[in-house]
Amino acid sequence: MVLDQLRSLIRPKDGPVVVVDGLTETFRLYHERPTGLKERLYRFRRSSWTEFDALRDVTLSVDHGESVAIIGPNGSGKSTLLKVLARILEPDRGHVEIHGRVASLLELGAGFHGDLTGRENIYLNGAILGLSKARVRERFQEIVEFAGIDHLLDTPVRTYSSGLYVRLGFAIAVIVEPDILLVDEVLSVGDAAFQRRSLRRMQQFKEEGKTLLIVSHDLDSVVELCDRAVVLDAGRVVFDGPIKEGVDLYRRMSVDPRDRARLAAVPSIGSRVRIEEATLLDGMGRVADEIDPSAPMRIRIRLVANEYLEACSVGATVQDADGVDLYEVHTGWQGVGVGPLVPGQAVVVDVRFVAHLLAGHYAVAPVVTDPGGRQQWASLPMPLEFRVRPGGGATGLVDLQGSTSVTEGPAVPLRGDSTTGPIPIIRLAEDPDAARE
Amino acid sequence: MRTLQERLAELWRARELLAQFTRKELKVRYKNSALGFLWSLLSPALMTVVFTVIFGFVFPFEIEDYAAFFLSVYLMWQFFQNSIFGSINSIVGNGDLIRKVWFPREVLPLSHVLAQLIHFLLGLLVIVPYLVVTRGWDLLANLPAVAVGIVLLTIFTAGVAMIFASANVPFRDLQELVNVIFLVWFYATPIVYPAAMVAAKRDDITAVETFGWVLDVNPMTWFVRLFRESFYGTVASIDGSSVRFDSGDPIWSLPEVFGVCAAFAIVTFLVGYRLFNRLALTFAKEV
């Protein structure tokens, strides 16, 4: 007791317990993997692979007592991040600092040996998680009760059901009593009762003032449990802030891409330069997400240099609802380089264009590239979306500004109503709302 | 990058895990076998019969108590060989664990070495009485020397085990090769024949000279010498294929054997540990 108090005096209660700085984690995807000495010798240097960054330049810090949800689509690097924090993976670039005892629930029951009994596996698994034998013995009864394996203690675990397996794994893992708990998707296994119980256990954990990092797709539980969200996309942190906003953003990213609103507030992360803000404006300079066909538009891009830049090129790509590029313009192609910039220097670039588009959903993606426009240096995680209202007396994608005239024979003026108005035929099936208007 | 001291401290903190893994090795092996430990004595018993028939009768060496001569070192060779055979797959075979939990990875090969060490010690309990009966009470005086030899051999074996276990991750067919490597190594170590016989013919035949040189640089030669001179005896005289041994000479009178064994043990362990830790950085990605 006294010892614990002393320890808490020594270890500062506030201040970051997890610091991740510029972390990049690279994996090799082997095309045809030489797996042996023999192949290595006669195909020396000929093994080919593609490198891919599961994490790119991730920087974040977590304070003592925070509970952070790491969310993002599949393959965005969430689990990789957790594995680096758990020391399973070594950082390839950047560094990671952790203060305090870490326990990770990355896989429940990893390390169980099928031929050993439940009792033997409790001790083995406890040791894998860094627990002393005495500590496991002390909490043995608690583990057995939580898992409900009383009657199966001396039976080899290979005869256990998968639910039982997971329950036992969780029961052992939670007695580790770490300062920092890393949890990967374990909330989603087991039956409903077990899920509730494990959720309650983590809640309790949080109340004890421990630090919690959770990877989960169960957004409702995460909102309940966490205060902060870190949203990853393609290995980069695209959002770091309050849980509600983070979850909202993720929902927009994953659930309904057409419903994405303005992302102006979401800073992107790039290495040389970052886009801090991008706003879509109409011809009058008002923030716009809905315009008339062939209206003038402007995307205002605010970027900040991370390092000294001789010159860069700032541009924008206009895309249709399927993400097909329709138009791209860059300062560089117009003969203007942005720069030179010193680190920390901010610039605002306006990219103007006339949206010769007809009714439908479109998007604009701001981008910073090398002066030649070939290498992308910074972008936003998602393009800014806008909608073009019906009009222009035509349908299709591009507003060619056509007109008609009856040069011979009678003509009669029609009152524009919904039955005769142009219906965007192609989009009818997938966007009934747009058609109705 | 952690320093050697930090790593060793980490390994020390993981001693409980090491004990648990070792226990697991032993338990899993004997879980479904009634005879248990006795099985591990079957192989040395059979090998003794085979080599006693070959070198006692077919191509006779004039060595008294050939079975004792062979057994005095065969158990320690078996400890060495089985440790490597067991640990070579310990990283690749535990990929699931390595991808999901952090712990000092060297615990995996080391637990195999420790499990084999326990077999070895139990085996000695059976063999030593036999050696005492055949070679006399005097050899008991050498038991402290044997204890030191066991410690050094364990350190050496741990180093080799870490090299094989980690190298097997990038070079998966090492697993296939290891049987051949150890077959050659077995005959390149004076286990079934006395080293003195090679030394005696060294000046006469070039091939033997090369072979003698191989024996000299082979660390196991030195460990064999340590164990054989403790358990069987030192060479008294040699004449053709007849070698006479005196039993019971206190091995302590041969400090250079201990020195060479200690040097091999420490250097191999440090090299193995370094290589292992270097390769361990990418274990989670490669297994």
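Visitor: In this model, how many contacts beyond four places in sequence are there for residues 417-437 of chain A?
Guide: Over that stretch, pLDDT (the predictor's confidence in each residue, from 0 to 100) stays under 50. Where pLDDT is low, the predicted coordinates should not be read in detail. Two residues are in contact if their C-beta atoms, placed from the backbone, lie within 7 Å. Counted that way, the number of contacts beyond four places in sequence for residues 417-437 of chain A is 23.

Visitor: How should I read the numbering and the confidence limits, and what is the mean pLDDT of chain A?
Guide: Residues are numbered from 1 along each chain as its sequence is written, while chains are lettered from A and ligands numbered from 1 in the order in which they are written. This is a predicted model, so local features need pLDDT of at least 70 and side-chain atom pairs count only at pLDDT 80 or more, but totals for chains, interfaces and linings use all residues. In chain A, 82% of the residues reach 70 or more. The mean pLDDT of chain A is 79.

Visitor: Which element of chain A has the highest confidence?
Guide: Helices (H or I, at least four residues) and strands (E, at least two) are DSSP runs, numbered from the N terminus. Confidence in chain A is lowest in helix H10 (residues 425-428), at a mean of 39. At the other end of the scale, with a mean of 93, is strand S3 (residues 67-71) of chain A.

Visitor: Which helix gives the most to the side of chain A that touches chain B?
Guide: In all, 26 residues of chain A are in contact with 21 residues of chain B. Helix H2 (37-42) and helix H4 (118-128) of chain A each supply at least two residues of that side of chain A. With five residues, the one that gives the most is H4(A).

Visitor: How many residues on that side of chain A are charged?
Guide: Ala, Val, Leu, Ile, Met, Phe, Trp, Tyr, Cys and Pro count as nonpolar, Asp, Glu, Lys and Arg as charged, and the others, Gly among them, as polar. The side of chain A that touches chain B has 12 nonpolar and five polar residues. The number of charged residues there is nine.

Visitor: How far apart are the end C-alpha atoms of helix H6 (residues 162-173) of chain A?
Guide: The expected span of a helix is 1.5 Å times one less than its number of residues. For the 12 residues of H6(A), that should be 16 Å, which agrees with the model. Its end C-alpha atoms are apart by 17 Å.

Visitor: How many residues of H6(A) are buried?
Guide: A residue is buried if 20 or more other C-beta atoms lie within 10 Å of its own, exposed if 12 or fewer, and partly exposed in between; C-beta atoms are placed from the backbone. The buried residues of H6(A) include Tyr165(A) and Phe170(A), and the buried ones pack against strand S5 (102-105), H4, helix H5 (133-147) and helix H7 (192-207) of chain A. H6(A) is largely enclosed by the rest of the structure, because the number of its 12 residues that are buried is nine.

Visitor: Is Leu279(B) buried or exposed?
Guide: Leu279(B) lies in helix H12 (residues 255-280) of chain B. Leaving aside neighbours within four places in sequence, Leu279(B) is in contact with Ser166(B) and Val169(B). With 20 other C-beta atoms within 10 Å, Leu279(B) is buried.
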